[in-house]
Amino acid sequence: MTTRLFSPPYSAYAAIYDQIGQRAFGERLARVILQLLAARSIQPRSVLDLACGTGAATLTFACAGLRATGVDRSPQMLERAIEAARLSDAEVAFREGDITDPPLDSKVDLVTCLYDAVNYLDDDASVHRFLQGAYRALDDGGVLVFDLNTRSRLMSSWEQGLVLAANSPDLYVTYQSWFDKAIDASPLIMTAFVRSEDGRWDRFDEEHVERAWPIATIESWLREAGFRALETMGYIDSTGELLRPVSEDYGRVLFVAAR
Ligand SMILES: C[S@@+](CC[C@H](N)C(=O)[O-])C[C@H]1O[C@@H](n2cnc3c(N)ncnc32)[C@H](O)[C@@H]1O
């Protein structure tokens with residue numbers, strides 16, 4: 001029997017993350033957030049983008065004029081973010097770090113943590129640390145915005161067996177996922193074949209585990225962490241449309257909480 005070796009999440013994947021269309025998702029989410037805040041007369045001047053990945057949202061914020069810092073625990077994702085900032089001439093600071101222990105050197109008006117990143121936290125204490133850290137990083141009146149895949153999405157669309165995620169002359173990617181009730185989470189095995197310049201195919205496998213967090217639990221923990229005004233809404237991935245009232249039936253939900 002051979003044991004399959006997994007690369008850490010978002011290590012090998014970093015090389016193809018933007019290429020398979022993920023970057024556009026973070027960029028749109030950032031634009032929707034800026035519009036949502038503007039509609040409430042909130043014009044943030046600084047942002048701490050936690051779990052920034054390849055910098056899709058961070059650079060969108062920077063290009064909109066915000067002083068932006070991106071934090072991620074994956075050095076490979078950060079490497080791509082730094083290169084994207086260099087190509088766009090945007091001034092952004094990137095740092096390696098964990099969303100449960102955000103940097104606190106200067107307070108900001110906006111903290112974001114986008115595109116499933118909070119689903120990667122696997123126990124209650126980590127979610128509390130994330131919320132408390134975001135609260136401490138914000139100035140009074142500052143806003144935390146993050147999203148979650150709901151349990152209904154993890155139980156339905158992630159439980160589709162084997163999905164062909166990319167199939168081009170140089171790239172072949174599959175996702176295999178299921179919902180594990182014992183851990184209230186959805187493991188996903190990504191297998192990718194990437195053709196290198198000399199024509200050779202390189203394979204990598206990564207395991208990603210997303211935990212289901214109930215909306216009501218997160219809302220109550222936000223209040224416990226000190227956040228006062230709170231809005232929660234559904235988010236349609238394909239259009240960026242926001243839906244109210246929020247429901248566990250939506251695939252993705254967005255939390256907006258003010259300090
Ligand atoms: C789907 S990507 C989203 C990236 C980016 N926010 C975007 O919108 O494109 C999820 C990111 O979360 C990061 N991540 C997951 N758990 C983390 C943690 N505990 N601390 C820091 N980064 C984390 C991963 O390394 C990955 O870059």
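The model is a prediction, so local features need pLDDT of at least 70 and side-chain atom pairs count only at pLDDT 80 or more, while totals for chains, interfaces and linings use all residues. Residues are numbered from 1 along each chain as its sequence is written, and side-chain values use heavy atoms, with hydrogens and water left out.

Q: What is the strand order in the open sheet of eight strands?
A: Strands here are DSSP runs of E with at least two residues, numbered from the N terminus. Two of them pair if DSSP finds at least two bridges between them. The pairing in this open sheet is mixed, and the order is β3-β2-β1-β4-β5-β12-β10-β11.

Q: Which strands stand at the edges of that sheet?
A: An edge strand here has a single partner, so one side of it is left without a neighbour in the sheet. That holds for β3 (92-96) and β11 (242-243).

Q: How many residues of strand β1 are buried?
A: Buried means under 20% relative accessible area, with a 1.4 Å probe and protein chains only. On one side of β1, S46, L48 and L50 are buried, and on the other V47 and D49 are too. Strand β1 (residues 46-50) is mostly covered, and the count is five of its five residues.

Q: What is the average twist from one strand to the next in the four-stranded sheet?
A: This open sheet has the order β6-β7-β8-β9 with antiparallel pairing. Its edges are β6 (161-168) and β9 (201-211), each with a single partner strand. Axes are lines fitted to C-alpha atoms, and angles run from 0 to 180 degrees between N-to-C directions. From one strand to the next, the twist averages 15°.

Q: Which residue in β7 does V163 stand opposite?
A: Seven bridges join β6 to β7 (residues 171-177), and the two run antiparallel. In β7, the residue opposite V163 is Y175.

Terms used: Buried means under 20% relative accessible area, exposed over 50%, partly exposed in between (1.4 Å probe, protein chains only).
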